[in-house]
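Work through the exercises below with the model open beside you. Try each task before reading its solution.

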Amino acid sequence: MLDLQRLRALHAVSVHGSVGAAAAALGYTPSAVSQQIAKLERETRTVLLERRGRGVRLTEQAERLAATARELMAIVERAETELEERRGLPAGRLTVAAFASAARGLMPGVLADLTARHPALDTRLTEVDPHLSVDLVAKGAVDVAVVHDWDIAPLPAPPGVAQAVIGDDLCDLLVPADHPFAGRRSVRREELGGERWICQPPGRVCHDWLVRTLRAAGCEPDIVHQADENPTLVALVAAGLGVALIPRLGRGPLPEGVVEVPLDPMPVRRLYALWRTGAARRPAITETVRTLREAWPGAAAHPRG
């Protein structure tokens, strides 16, 4: 009989694309995941992983087995949901994926609250980009995802995934203290042409929003510096190297030499909680979503320097 934990390991490699990423998602070491796959290969007498450069790829037989593993885990999830629903209390392991600023500015308080009120609930957080975490929820790799989208870049939920609005995160234009915009009450988007921009790399939601918004306003953005983390972007602005659009969530107080100026209209990104519809009745899911929404007003408070 096939071992469910070994099938879970194979499914994780299929979803995350590597043994290391699968191990991080499962809370194991890479060697532990490799051992689970090796045991599954011996049990099935089938080669499941093939070397490709420094990484691995699933064989055709492994892809089929991973699809079966996903079906089995969905059945197990339904059974666990029914048991937890009968008990009426959040319990068991709950995996949450959140993008960087939500992981920093929202999730610590939410996870601490859940842990204090529900000691039988074992929450696990992983930091994931919104575009990736939507797929992880749909494939059953995580239970809840905290994602965001922008007014001109919606992030629709796929079939089988439910969503609830957490709140709206405002976004400010950050400029050096000696910038001509620094003393303004607001700046129109049409005035942003000719600025040297600091933003996240291509493929990130914030980068795509900036490019599309400025082009819609008749400006071609001159992106001179790119970094993944908002604190790095703020530090580059503080050094006088350009301007940036930074959401307020998780931003923290601004350092000396950086001034925020509202844009007119002000950019807004909306935060959502996503989960699989098949697990919607699970108390751990409903309690986590409720806690996220209740925590939002405090998390969205405007940081002061």
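The exercises go from the whole chain to single residues, and the model is a predicted one.

**Exercise 1. The whole chain**

Task: Find how many helices and strands the protein chain has, and what share of its residues is buried.

Solution: 
- Step 1. Count the elements. The protein chain has 10 helices and 13 strands.
- Step 2. Take the extent. The C-alpha trace spans about 70 × 50 × 30 Å along its principal axes.
- Step 3. Apply the burial cut-off, which is under 20% relative accessible area. Of the 305 residues in the protein chain, 45% are buried.

**Exercise 2. Two packed helices**

Task: Describe how helix α6 and helix α10 pack, and name the residues that meet.

Solution: 
- Step 1. Two packed helices are described by the angle between their axes and the distance between the axes.
- Step 2. Read them off. Helix α6 (residues 107-117) and helix α10 (residues 283-299) pack at about 130 degrees, and their axes are 10 Å apart.
- Step 3. Classify the angle. Over 145 degrees would be roughly antiparallel, and 65 to 115 roughly perpendicular. Therefore α6 and α10 are oblique to each other.
- Step 4. The crossing of α6 past α10 is right-handed.
- Step 5. List the contact. From α6 come M107, V110, D113, L114 and R117; from α10 come E287, T288, R290, T291, L292 and A295. The residues of this contact are five nonpolar, two polar and four charged.

**Exercise 3. Salt bridges**

Task: State how many salt bridges the structure holds. Then examine the pairs E50 with R57, R251 with E260, and R290 with E294.

Solution: 
- Step 1. Side chains of opposite charge can pair when their charged atoms come close.
- Step 2. Take the total. The structure holds 23 salt bridges.
- Step 3. Start with E50 and R57. Their closest N and O atoms are 2.7 Å apart. E50 is partly exposed at 35% relative accessibility. R57 is partly exposed too, at 30%.
- Step 4. Turn to R251 and E260. Their side chains meet in a salt bridge of 2.7 Å, N to O. R251 has 9% relative accessibility, so R251 counts as buried. E260 has 24%, so E260 is partly exposed.
- Step 5. Finish with R290 and E294. Here the closest N and O atoms are 2.5 Å apart. R290 is partly exposed at 32% relative accessibility, whereas E294 is exposed at 53%. The two residues are four apart in helix α10, so about one helical turn separates R290 and E294.
- Step 6. Follow the shared partners. Salt bridges join D113, R117, E287, R290 and E294 into one network.

Methods
Residues numbered from 1 in each chain as written. Predicted model: local features only at pLDDT ≥ 70, side-chain atom pairs only at ≥ 80, totals over all residues. Heavy atoms only, no water. Axes fitted to C-alpha atoms, helices over the stretch in contact; angles between N-to-C directions. Parallel < 35°, antiparallel > 145°, perpendicular 65-115°, else oblique. Left-handed = near helix turned anticlockwise from the far one by under 90°. Contact = heavy atoms within 4.5 Å. Nonpolar A, V, L, I, M, F, W, Y, C, P; charged D, E, K, R; others polar. Salt bridge = Lys/Arg side-chain N within 4 Å of Asp/Glu carboxyl O. Buried < 20%, exposed > 50% of the residue type's maximum accessible area, 1.4 Å probe, protein only.
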